[in-house]
Amino acid sequence: TQWFWEFVHPRICALARPRFEAGFYGDAVEAAFKEVNDAVKRIVREADGRELDGAGLMTTAFSLLNPVIRLNALITDTDRNIQQGYMQIMAGSMIGIRNPKAHGNLNPDNSKALHLIALASLLMHKVDERI
C-alpha cells in the first residue's frame, strides 16, 4: 500500500496511515472523516463564528444559496450541480461513514478502509480547491 499513501491528502495520510498500518482500520477511517469535518468546521468558524458539526455543517458550508465554501463561481447549472453534489457527498459521509464509526464498532477490512480513506482524501482536496 506504499503507493496508495503517496496519493492521499497529507493531513488525511498523517492521521489515517499510522492507524491503518497498526491494523486499526476503523479508527483510520474515523480519523480521516473527523479531519474532513474539522477542516470544514475551522473554515466556517473563521468566516462567521458559527459552531456547526456533521451533516448540518456540510449543508451550511456548501449551501447553494449562501455558501461559506464555494467550489466554483456558481454561475452555470454545471457549477451549481457540482456545489450541490459535493454538499450532499460531504453531508452523506458524515451521516453514513463518520457517525456510525464514531458511535459504534464498525470494523471495515483493509480494502474497504482504503476505499473510505480515498474518499476522505478526495473531500479534503475539494476543500483545498475552494475559491
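## Exercises on a predicted helical model

Met90 touches Val36, Met58, Phe62, Leu123 and Val127, leaving aside residues up to four places away in sequence. Keep in mind as you work that this is a predicted model. Let's begin with this residue.

**Exercise 1. Find which helix holds Met90, and decide whether Met90 is buried or exposed.**

*Step 1.* Locate the residue: Met90 is found in helix α5, which covers residues 77–103.

*Step 2.* Look at its accessibility. The relative accessible area of Met90 is 0%, and buried means under 20%, so Met90 is buried.

*Step 3.* Now set sequence against space. Met90 and Asp27 are 63 residues apart in sequence, and their C-alpha atoms are 19 Å apart.

**Exercise 2. Work out whether Gln83 is buried or exposed, and list what Gln83 is in contact with.**

*Step 1.* Gln83 has its place in helix α5.

*Step 2.* Its relative accessibility is 0%, so Gln83 counts as buried.

*Step 3.* Setting aside neighbours within four places in sequence, the contacts of Gln83 are Phe62, Ser63, Leu64, Pro67, Ile69, Arg70, Leu71, Asn72 and Leu74.

**Exercise 3. Describe the surroundings of Asn37: what does its side chain lie 2.9 Å from?**

*Step 1.* Asn37 lies in helix α3, residues 25–48.

*Step 2.* With a relative accessibility of 2%, Asn37 counts as buried.

*Step 3.* A polar atom of the Asn37 side chain lies 2.9 Å from the backbone nitrogen of Gly54.

*Step 4.* Not counting residues up to four places away in sequence, Asn37 touches Asp53, Gly54, Leu57, Met58, Met94 and Arg98.

**Exercise 4. Check the length of α3 and see what follows the helix.**

*Step 1.* The helix has 24 residues, and at 1.5 Å a residue α3 should span 34 Å. The expected span uses one less than the number of residues.

*Step 2.* The end C-alpha atoms of α3 are 35 Å apart, which agrees with that expectation.

*Step 3.* After α3 comes Gly49, whose phi is positive, near 80°.

**Exercise 5. How do α3 and α4 pack?**

*Step 1.* Helix α4 covers residues 54–61, and its axis is 10 Å from that of α3, at an angle of about 50°.

*Step 2.* That angle makes α3 oblique to α4.

*Step 3.* The contact uses Val36, Asn37, Val40, Lys41 and Val44 from α3, with Gly54, Leu57, Met58 and Ala61 from α4.

*Step 4.* For the handedness, α3 passes α4 in a left-handed crossing.

**Exercise 6. Examine α6 by itself: which residue caps its N-terminal end?**

*Step 1.* With 19 residues, α6 reaches 27 Å from its first C-alpha to its last, close to the 27 Å expected at 1.5 Å a residue.

*Step 2.* The cap is Asp109, with a side-chain oxygen 3.2 Å from the backbone nitrogen of Ser111.

*Step 3.* Buried residues of α6 include Leu116, Leu123, Lys126 and Val127.

**Exercise 7. Work out how α2 and α6 run relative to each other.**

*Step 1.* The axes of α2 (residues 10–21) and α6 (residues 110–128) come within 10 Å and cross at roughly 165°.

*Step 2.* Angles over 145 degrees count as roughly antiparallel, so α2 and α6 are roughly antiparallel to each other.

*Step 3.* Their contact is made by Arg11, Ile12, Ala16 and Phe20 of α2, and by Asn110, Ala113, Leu114, Ile117, Ala120, Ser121 and Met124 of α6.

*Step 4.* Finally, the crossing of α2 and α6 is right-handed.

Definitions and conventions: Residues are numbered from 1 along each chain as its sequence is written. This is a predicted model: local features need pLDDT of at least 70, side-chain atom pairs count only at pLDDT 80 or more; totals for chains, interfaces and linings use all residues. Side-chain values use heavy atoms; hydrogens and water are left out. Helices (H or I, at least four residues) and strands (E, at least two) are DSSP runs, numbered from the N terminus. Buried means under 20% relative accessible area, exposed over 50%, partly exposed in between (1.4 Å probe, protein chains only). A polar contact is a pair of N or O atoms within 3.5 Å; within protein, one must be able to donate a hydrogen and the other to accept it, and residues adjacent in sequence count only if both atoms are side-chain atoms. Contact means heavy atoms within 4.5 Å. Axes are lines fitted to C-alpha atoms, for helices over the stretch in contact, and angles run from 0 to 180 degrees between N-to-C directions. Angles under 35 degrees count as roughly parallel, over 145 as roughly antiparallel, 65 to 115 as roughly perpendicular and the rest as oblique. A crossing is left-handed if the near helix is turned anticlockwise from the far one by less than a right angle, and right-handed if clockwise.
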